[in-house]
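User: Please take a close look at the aromatic ring pairs in this model. Which rings pair up, and how are they arranged?

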Amino acid sequence: MARTRIVLAGEGGQGVQSIAKILVEAGYEAGKEILYIPNFGVEQRGGVSIAFCQVADEKIGEPRFSKGDIVIMLSDRAIDRCSDYANENSTVIYDSSVCSKKPTCNAKEIIAVEANKIANEQLSARVFNIIVLGVLLSATNVLKLEDIKNAMEMALGKKFDAKPELRDLNYKALEMGMKMIQKAGV
């Protein structure tokens, strides 16, 4: 793996930045070179939130990039705002249970998942972002499941200790997200 460029975009409050923080913490702990640039304005709650992440085995020479290897879009406004980050080498993933339209950008592959629907119907709306993290983990294979779980423990360990059922719920959400991509054939 040379370098994997990831764009995560959704509405403020969907947990996009939390996903990115867990991802880069996992990468750091796994000894990878990582970079995370959050992008959100004063409309942080209710506006489009974007996270630019890079995970690599060697030094990352340029912090900014114009095209992502993986572009995840979790709302219609995210589709509108982030379609330019995809090209013929990109895999685009969008949540068809939230988005009313399908991305029409140039991409190698466009995959629909129903993370929000699964979260609300089978688990809890609070773990929507962890399902998306599982989708991302499966789509990129840039980190191991154990790396992500360790980073989740660092980020959420106090909550898990106070309510052990939250650990099980989050781990189940992570695994369900991973299976969504496996079913899609990525």
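Analyst: Rings of Phe, Tyr and Trp count as a pair if their centres lie within 6.5 Å. By that rule, ring pairs join Phe52, Phe65 and Tyr85 into a cluster. Keep in mind that this is a predicted model. Across the whole structure, a search finds three aromatic pairs.

Start with Phe52 and Phe65. Their ring centres are 5.8 Å apart and their planes meet at 75°. Planes over 60 degrees apart count as edge-to-face, so this pair is edge-to-face. Phe52 sits in strand E3, residues 48-56. Phe65 sits in the loop between E3 and strand E4 (70-73). The two residues are 13 residues apart, and their pair links distant parts of the chain. Phe52 and Phe65 are both buried.

Now take Phe160 and Tyr171. Here the centres lie 6.2 Å apart, with the planes at 80°, so this pair is edge-to-face too. Phe160 belongs to helix H5 (residues 145-162), and Tyr171 to helix H6 (residues 164-184). The pair therefore ties together parts 11 residues apart in sequence. Phe160 is buried, and Tyr171 is buried as well.

Lys149 lies over the face of the Tyr171 ring, at 4.6 Å from the ring centre.

The side chain of Ser138 reaches the backbone oxygen of Met178 at 3.0 Å. Ser138 is in helix H4, residues 128-140. Its relative accessibility is 9%, so Ser138 counts as buried.

How values were computed. Residues numbered from 1 in each chain as written. Predicted model: local features only at pLDDT ≥ 70, side-chain atom pairs only at ≥ 80, totals over all residues. Heavy atoms only, no water. Phe/Tyr/Trp six-rings, centres within 6.5 Å; stacked < 30°, edge-to-face > 60°. Helix = DSSP H or I, 4+ residues; strand = E, 2+ residues; numbered from the N terminus. Buried < 20%, exposed > 50% of the residue type's maximum accessible area, 1.4 Å probe, protein only. Lys NZ or Arg CZ within 6 Å of the ring centre and 35° of its normal. Polar contact = N/O pair within 3.5 Å; in protein donor to acceptor, adjacent residues only side chain to side chain.
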